[in-house]
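Please keep the sequence and the structure in view while reading.

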Amino acid sequence: TLTTHPDITHAAVTVHHDHHTGDRLVGYVVPRNHTPLDPTTIHTFAADHLPDYMVPTPITILDALPLTTNGKIDRRALPAPTPLTPRFRPPATAVERIVAGVFADVLGRERVGLDDDFFTLGGNSLLATQVVSRLGVAMDARVPMRVLFEASSVQALSTWLASRATADAHTPLVPRPRPENIPLSYAQQRIWFLTRFDPHSPVYTIPFAVRLSGTMDTAALLAAIADLVDRHETLRTIYPESEAGPHQVIVPAAEVSGAVESAAVTENELAARLLSMASAEFDVTTSVPVRAALFETADNEHVLAVVLHHICADGSSIAPLARDLMAAYTARAGGHTPSWPPLAVQYADYTLWQRELLGSDDDPNSVLAQQLTYWRSTLDG
């Protein structure tokens with residue numbers, strides 16, 4: 001396509017790897033009869049004849065293409081691509097500086113100006129998700145992915161943000177009145193379906209075990225685990241099905257019993273006991289999504305095993321749970337209850353907030369409907 005341009009005699013296109021932007025197509029062209037060429041004009045010509053994903057960016061002008069001794073293009077000898085650099089206009093407003101800063105950070109650029117285009121600078125759809133996420137946090141606003149594709153320069157995107165940021169500010173995540181049937185979050189809904197589809201699979205369990213050496217106050221540890229279950233509603237939530245679909249039922253802490261096992265085992269028995277715990281089925285419609293056991297393997301040697309169902313936790317949950325368990329055990333070993341501040345929100349509050357924020361797919365003006373429409377059009381394209 002590049003060589004069909006009347007002012008180009010030779011061209012090469014190859015894949016260039018960049019630490020920040022990954023792999024992308026870049027082009028090299030040789031002008032016919034030393035005719036002055038503008039890379040931006042050539043880029044526009046290619047964009048008029050090719051789908052977006054096939055347009056090389058940037059395009060570098062060369063006097064000649066490097067050749068091997070056999071007369072073929074020596075791709076290893078091609079120079080680093082020369083980025084398209086429009087006349088630099090510095091960002092002036094606070095919004096423009098935020099957008100330019102996010103572009104520069106994601107793309108690994110020292111500076112980005114008002115006229116710089118995210119995709120021309122090497123951005124792609126994967127990096128675009130980082131941009132809209134960071135701008136959403138920085139501006140406390142919802143930035144749909146389609147906006148970045150439609151307004152991809154710093155100036156265009158800043159103009160959109162300045163006019164829409166206030167109107168699209170996020171609904172604050174705060175405790176909400178609980179309806180009779182609390183819905184599941186969308187992530188929980190997916191896991192709930194998969195669990196019901198294959199209820200015997202241990203794929204969605206998160207098991208971990210830790211060895212504890214030294215004097216153990218078993219009663220304090222068991223009380224601390226109970227404190228943990230009391231503090232975090234999601235650890236004592238079941239997800240029964242109704243005619244309207246699954247919903248959350250938060251069980252009072254006093255009613256959660258038999259969740260912690262305490263037993264003496266030999267080292268030879270330990271592996272089998274841990275495997276049995278980790279592979280045992282969770283029925284999240286009738287039982288809480290956590291089980292724990294304290295195994296004594298010798299004097300002053302214990303193994304604490306905990307299994308969580310993925311419907312209530314993920315890998316990031318382990319750190320705060322361990323932190324709270326240590327605080328509770330320290331308090332119980334000292335003869336008193338933990339004096340931690342109450343949680344600002346519980347997971348049920350988050351699910352209600354998520355539904356309120358995203359809206360219904362039946363409402364064409366909702367965030368959810370707009371996102372679904374965008375991704376469907378992207379997949380169809």
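Strand S1 and strand S2 (residues 22–31) run antiparallel and are joined by ten bridges. One of the residues involved is Val13, whose bridge partner in S2 is Gly27. The model described here is a predicted one.

S1 and S2 belong to an open sheet of three strands, arranged in the order S1-S2-S3 with mixed pairing. Strand S1 (8–18) and strand S3 (59–61) stand at the edges; each has a single partner strand, so one side of each is left without a neighbour in the sheet. On average, neighbouring strands of this sheet are turned by 25° against each other, direction ignored.

## Two crossing helices

Helix H6 (residues 186–197) and helix H10 (residues 347–358) have axes that come within 9 Å and cross at roughly 105°. Angles from 65 to 115 degrees count as roughly perpendicular, and H6 and H10 are therefore roughly perpendicular to each other.

Which residues of H6 and H10 meet? On the side of H6 they are Tyr186, Gln188 and Gln189, and on the side of H10 they are Tyr347, Thr351, Gln354, Arg355 and Leu358. The residues of this contact between H6 and H10 comprise three nonpolar, four polar and one charged.

## Aromatic pairs

A pair of aromatic rings is described by the distance of the centres and the angle of the planes. The count for this model comes to six aromatic pairs. Among them is the pair of Phe103 and Phe118, which is tilted, with 5.2 Å from centre to centre and 50° between the planes. This pair links distant parts of the chain: Phe103 is in helix H2 (residues 94–107), while Phe118 is in the loop between H2 and helix H3 (125–139), 15 residues apart. Are these two residues buried or exposed? Both Phe103 and Phe118 are buried.

The rings of Tyr347 and Tyr350 have their centres 5.3 Å apart and their planes at 45°, so this pair is also tilted. Both tyrosines lie in helix H10, three residues apart, which is about one turn of the helix. Tyr347, with 31% relative accessibility, counts as partly exposed, and Tyr350, at 27%, counts as partly exposed as well. Elsewhere, ring pairs link Phe103, Phe118, Phe119 and Phe149 into a cluster.

## Backbone details

Most residues other than glycine have a negative phi, and most peptide bonds are trans. Some places in this model depart from that pattern. The bond that joins Thr57 and Pro58 is a cis peptide bond, with omega about 0°. Pro58 is found in the loop between helix H1 (39–49) and S3.

Asn33 has a positive phi, near 55°, although it is a residue other than glycine. Asn33 lies in the loop between S2 and H1 and counts as exposed, at 70% relative accessibility. Asn300 is likewise not a glycine, and its phi is positive at about 60°. The place of Asn300 is the loop between strand S10 (290–298) and strand S11 (301–309), and its relative accessible area of 40% makes it partly exposed.

## A residue on helix H9

Helix H9 (residues 318–333) contains Met326. Is Met326 buried or exposed? Its relative accessible area is 57%. The cut-off for exposed is over 50%, and Met326 is therefore exposed. Between Met326 and Leu274 there are 52 residues in sequence and 22 Å in space, C-alpha to C-alpha.

Conventions: Residues are numbered from 1 along each chain as its sequence is written. This is a predicted model: local features need pLDDT of at least 70, side-chain atom pairs count only at pLDDT 80 or more; totals for chains, interfaces and linings use all residues. Side-chain values use heavy atoms; hydrogens and water are left out. Two strands pair if DSSP finds at least two bridges between them. Helices (H or I, at least four residues) and strands (E, at least two) are DSSP runs, numbered from the N terminus. Axes are lines fitted to C-alpha atoms, for helices over the stretch in contact, and angles run from 0 to 180 degrees between N-to-C directions. Buried means under 20% relative accessible area, exposed over 50%, partly exposed in between (1.4 Å probe, protein chains only). Angles under 35 degrees count as roughly parallel, over 145 as roughly antiparallel, 65 to 115 as roughly perpendicular and the rest as oblique. Contact means heavy atoms within 4.5 Å. Ala, Val, Leu, Ile, Met, Phe, Trp, Tyr, Cys and Pro count as nonpolar, Asp, Glu, Lys and Arg as charged, and the others, Gly among them, as polar. Rings of Phe, Tyr and Trp (its six-membered ring) pair if their centres lie within 6.5 Å; planes under 30 degrees apart count as stacked, over 60 as edge-to-face and the rest as tilted.
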